[in-house]
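Please look through the structure shown here before reading the notes, and keep it open so that each point can be checked by eye.

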Amino acid sequence: MLGKFVIPIPYVPAPLPPSPMSPLQHNNILAMAGIRPLLTAFSESIVDAKVLSPAAWWGKALLSAMSYGGLIKTSFLMALPDALKRAEPLMRWLELHLPTQNQNTNTRIMRRWFPDPVSRMIFCKQRIHGFPELPILDRIASHQVYKLIRAYAREQGFDHYLPNGIKEIATGLKTRLHYHFPPWLVSYANDDYPNTSLPDWSWQHVLKPPTYYVTSLTSRLVYPASPGPNPDDESDDNDDRHSNELTEWPAQLKELATVIHGGHANLAGRIDTWRATVIPDRLPSVSLIGEWVAEVLLKKGRGRRPKKRRTVYQMVNCIGGRLVGQLGRMDLTRLDTASAYVEIYQNALEDTPSILTRRKVARSLNSLHDYLVKTYQVPPVSESGIFVISGRGQGKVDANFIGLDTFFSALNWLRQEGKQKFSQKVVNQLELIGSLGYFCGLRRSEAIGLTLGDIEYAQGQSQLFEKNNPPDVWLEVSQNALRGLKTRAGHRMLPLSLLMTPIELEKILHWHKTRRTEDPRPSAPLFPDFIVNGHANDTDPRLDWITKSLQHIADDETLRFHHLRHSFASWLTLLLWYGEQNGDVSLPDWFLPTRHDQKRIQMSGIIRQGLIGKAPTNRRTMLQVSALMGHQGLDITLTSYIHLADFILGRMVHRLVPRLTDKQLSDLSGYSVSNLYALASGLNWKTASSAQWGQFLEKIADQMANEGKHKKVVTVKSTVNFYKPIAIKSTGNQLDRLLHRAQALGKSLWPNTELQDISAQYGIDQSELLLWINRLSTLPSGILNIPTNHLQQSLDLKLGPAMRKLAIKMLDTLTDLHDRGDPLIGKRAATQKHIQALIEEFPLIWIPGTYLTVKTASLPQAKRWLWFLTHLELADAATITHEKGTGKSVPSKAAQLDYWTKGLSNRTVISSDSIPCQTNSATRGSVQINLNLQRTNTPLNPKKITVLYGIRFTLAILRVVGIQTRSDILWPFP
């Protein structure tokens with residue numbers, strides 16, 4: 001029987017967009033053919049030892065960088081002279097500092113360029129004599145470069161081969177690159193995508209991974225990152241990027257922002273309550289923005305889901321101030337013509353720091369105007385093209401990269417420290433969540449929202465794990481009841497067997513098996529401790545321990561969980577690129593030199609074949625990376641995530657260097673032919689592959705850069721045992737170094753702790769630890785906060801910002817006095833004894849139960865304490881109270897008070913008649929010195945008595961463990 005079936009088709013297939021136009025167009029081929037005589041003449045001239053004029057030498061350097069180094073943009077070439085002045089010693093790379101498009105800032109973008117061997121030889125040879133001054137031949141950069149090249153061509157006699165302008169040379173060279181490079185790499189060389197070079201500190205970690213945990217993070221100068229081409233794609237993981245500061249918003253708009261910032265729960269309800277609140281003077285533009293948020297951003301529509309709180313805030317943030325500031329009390333729904341709307345929107349778009357930010361603003365304005373058209377029938381503005389933003393953004397990309405050793409060291413630290421804070425079950429889950437981000441590129445929310453059914457074994461695969469033959473296991477990232485996905489492209493399948501290391505794969509499969517015994521349902525969460533009320537809780541503060549471990553191992557305060565995705569994309573691009581070279585490209589021994597990194601690189605062929613196959617390709621590689629990342633388009637991947645593109649470009653340019661005869665190479669390098677043959681180690685120059693030839697030229701350039709000395713051998717680091725405690729290093733100020741010692745002491749007090757392990761981890765002798773433990777027992781009870789829970793640190797080392805500031809000031813003051821002395825005390829040695837006595841006697845005169853009140857019957861001790869407060873600029877907060885001495889043959893109360901007043905330089909001393917007296921057998925009684933911070937003019941924020949714990953803590957710890965300063969003083973005191 002036939003019936004009627006209704007089959008919903010949620011996604012209607014659309015035809016694929018047309019393929020991009022081939023770069024090998026007729027005009028481009030003609031341009032490439034037109035520069036061939038120029039390149040031939042140039043390759044023959046570079047070996048000429050004739051003395052050149054400054055303009056000609058720079059023309060030679062720039063043309064070499066263009067022809068052989070892939071540096072085809074004028075802006076890059078203009079940054080080359082300054083980069084050469086501060087090049088690293090071996091000139092393996094140069095840092096080109098490029099101006100941004102924002103004229104209101106001095107921010108510059110750093111692009112790392114790896115010179116080809118020929119250009120590097122030219123630079124090294126000239127560096128001996130010094131680089132000539134760059135003559136200014138024209139104010140326009142493109143004209144300046146062309147005239148410098150023409151100056152060299154004229155002196156060498158081949159200027160008749162030059163095209164009419166620099167554009168023709170660049171077009172021909174770009175077309176030539178397409179014969180040697182994949183399209184995405186040509187686009188990167190042509191500056192079609194924002195620069196994604198790693199910052200200096202992250203790049204240094206690629207060359208030499210950190211191996212210890214730092215207690216204090218180095219401050220990094222970081223410019224705000226430009227948002228990517230699709231803000232919604234990554235808003236789940238990225239920090240809010242303020243397009244205009246909240247402090248500049250009108251007060252009513254701040255109220256709306258506060259409502260949005262109030263948390264994830266019931267955001268739509270809070271917005272409705274805000275809208276229903278009657279405020280007579282509420283601006284129409286502010287009301288309209290709130291209405292747009294409620295009716296568009298937070299409502300589900302056809303093909304559209306409600307946006308998350310952070311995305312809503314970003315969209316309101318990027319247009320709120322720009323619109324409300326313009327409109328004032330004008331009503332945006334009542335403008336008459338399309339041109340009026342275009343003018344308003346144009347003003348908003350002009351106030352943007354980069355093209356990428358402008359795109360974000362344009363998308364938000366477009367969404368708002370679409371709502372106005374549908375709801376208020378305002379004139380459409382689509383024909384004006386106001387929301388079509390062309391061009392390429394030059395904002396600074398949020399670039400970072402984590403090597404294998406750094407990541408494994410962070411996991412090790414997470415294991416050894418996390419067990420003191422959380423259960424072993426939670427620590428295991430944190431480790432696996434981090435591994436899924438690093439090896440599979442999962443967002444944090446995607447990882448914690450996985451279910452048991454998301455991990456699948458290939459059909460017929462055994463679930464028994466064998467290290468040399470792991471099972472074929474796949475991970476499906478899909479929308480489920482625990483969490484949604486950012487975009488449809490986020491639904492993807494990931495081959496765990498190819499992407500993860502065997503050790504990490506075994507861990508996650510073992511965890512998966514354990515969870516299945518606990519809850520066999522496929523919909524059961526893989527990480528149940530991070531599920532709250534049936535939903536993945538990606539704001540759980542315990543997840544921040546993953547980031548904290550990474551930051552302190554890498555000494556990088558800018559690292560976030562999202563950089564695990566960046567590292568995944570960069571690693572995968574490197575492996576796929578290297579895997580498809582078939583040995584035609586070599587990697588230098590200084591790049592990712594550890595055994596773990598080298599072993600992973602050796603797997604590149606297997607990974608490439610498993611993901612793409614054996615067939616050669618020049619397009620599918622980056623598309624595969626983008627697909628595994630869950631990006632909607634390739635431009636997102638290339639714009640923000642591939643941070644080793646400049647290094648890959650630097651290896652590929654070896655294919656461009658010319659083949660030189662032994663005589664030419666001898667003239668260029670300055671080495672004899674016999675020396676060159678010795679360096680060649682039997683290489684046949686005529687039959688050598690491009691990789692072999694490039695490696696040989698690189699060896700010559702290395703020796704030239706090392707001023708003729710034999711190149712320093714880069715030794716591969718031994719495999720690190722990541723299951724041993726990681727060494728801890730204090731790299732911060734004096735307070736941080738003191739806290740480093742205090743932390744070692746605190747851990748020594750933990751039950752079942754071996755002092756040998758603490759000694760190795762903190763670099764402190766066991767004898768010192770034992771001495772510190774004994775000294776700690778002599779301190780009065782309560783002078784330090786010591787929690788009773790052994791899962792916490794045995795010393796409470798948490799100091800608030802105000803406490804830290806006061807403690808740092810105290811240490812700096814004592815160090816300065818120790819170094820220079822105090823003329824009021826006497827010689828420097830006397831001042832040093834003064835400081836030592838102060839620290840030794842503080843625990844004895846401190847009154848338990850107070851923050852920093854002291855009591856002493858010794859005039860020298862009281863004078864020392866007031867001297868100390870004076871140098872801290874706290875003497876005006878001191879209140880001195882006298883308690884008279886009792887007993888036989890003691891002076892009168894007035895005589896005792898006079899003794900203290902004169903002895904303390906006529907400071908006001910209050911009698912204790914108004915307070916209960918305590919028994920005191922001292923001849924002249926005692927004084928109690930208290931501090932009232934409300935009386936001091938010293939800027940303290942806040943002026944609360946609790947900040948004084950910073951001084952008390954520091955003095956007490958100094959008494960126990962001491963501190964090594966720049967003068968090796970304030971050492972542990974006897």
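The numbered points below take up a few local features in turn.

1. This is a predicted model, in which local features need pLDDT of at least 70 and side-chain atom pairs count only at pLDDT 80 or more, while totals for chains, interfaces and linings use all residues. Residues are numbered from 1 along each chain as its sequence is written, and side-chain values use heavy atoms, with hydrogens and water left out.

2. Two packed helices are described by the angle between their axes and the distance between the axes. Helix α18 (residues 424–440) and helix α23 (residues 562–579) pack at about 35°, and their axes are 6 Å apart. Here the axes are lines fitted to C-alpha atoms over the stretch in contact, with angles running from 0 to 180 degrees between N-to-C directions, and the helices (H or I, at least four residues) and strands (E, at least two) are DSSP runs numbered from the N terminus.

3. On the α18 side the contact (heavy atoms within 4.5 Å) is made by G434, G437, Y438, F439 and C440, and on the α23 side by L564, R565, S567, F568 and W571. These residues divide into six nonpolar, three polar and one charged, where Ala, Val, Leu, Ile, Met, Phe, Trp, Tyr, Cys and Pro count as nonpolar, Asp, Glu, Lys and Arg as charged, and the others, Gly among them, as polar. C440 has a relative accessible area of 0% and is therefore buried, a word that means under 20% relative accessible area, with exposed meaning over 50% and partly exposed in between (1.4 Å probe, protein chains only).

4. The structure holds 32 aromatic pairs, a pair being two rings of Phe, Tyr or Trp (its six-membered ring) with centres within 6.5 Å, called stacked if the planes are under 30 degrees apart, edge-to-face if over 60 and tilted for the rest. The ring centres of W93 and W590 are 5.7 Å apart and their planes lie at 55°, so this pair is tilted. W93 is in the loop between α4 (80–85) and β1 (94–99), and W590 is in the loop between α23 and α24 (595–602), so the pair ties together parts that are 497 residues apart in sequence.

5. W590 also pairs with F591, and because their ring centres are 6.5 Å apart with planes at 90°, that pair is edge-to-face. At 7% relative accessibility W590 counts as buried, and F591, with a relative accessible area of 1%, is buried as well. W93, F114, W203, W590, F591 and F647 form one aromatic cluster.

6. Which residue lies over the face of W590? R92 does, at 5.0 Å from the ring centre, under a rule that asks for NZ of Lys or CZ of Arg within 6 Å of the ring centre and within 35 degrees of the ring normal. R282 lies over the face of W274, at 4.0 Å from the ring centre.

7. Most residues other than glycine have a negative phi, and most peptide bonds are trans. Q377, in the loop between α16 (355–376) and α17 (404–418), has a positive phi near 50° and counts as exposed at 60% relative accessibility. D555, in the loop between α22 (544–554) and α23, has a positive phi of about 50°, but at 13% relative accessibility D555 counts as buried.

8. L769 has its place in helix α34 (residues 766–778) and counts as buried at 0% relative accessibility. Although L769 and V961 are 192 residues apart in sequence, their C-alpha atoms are 8.6 Å apart in space.
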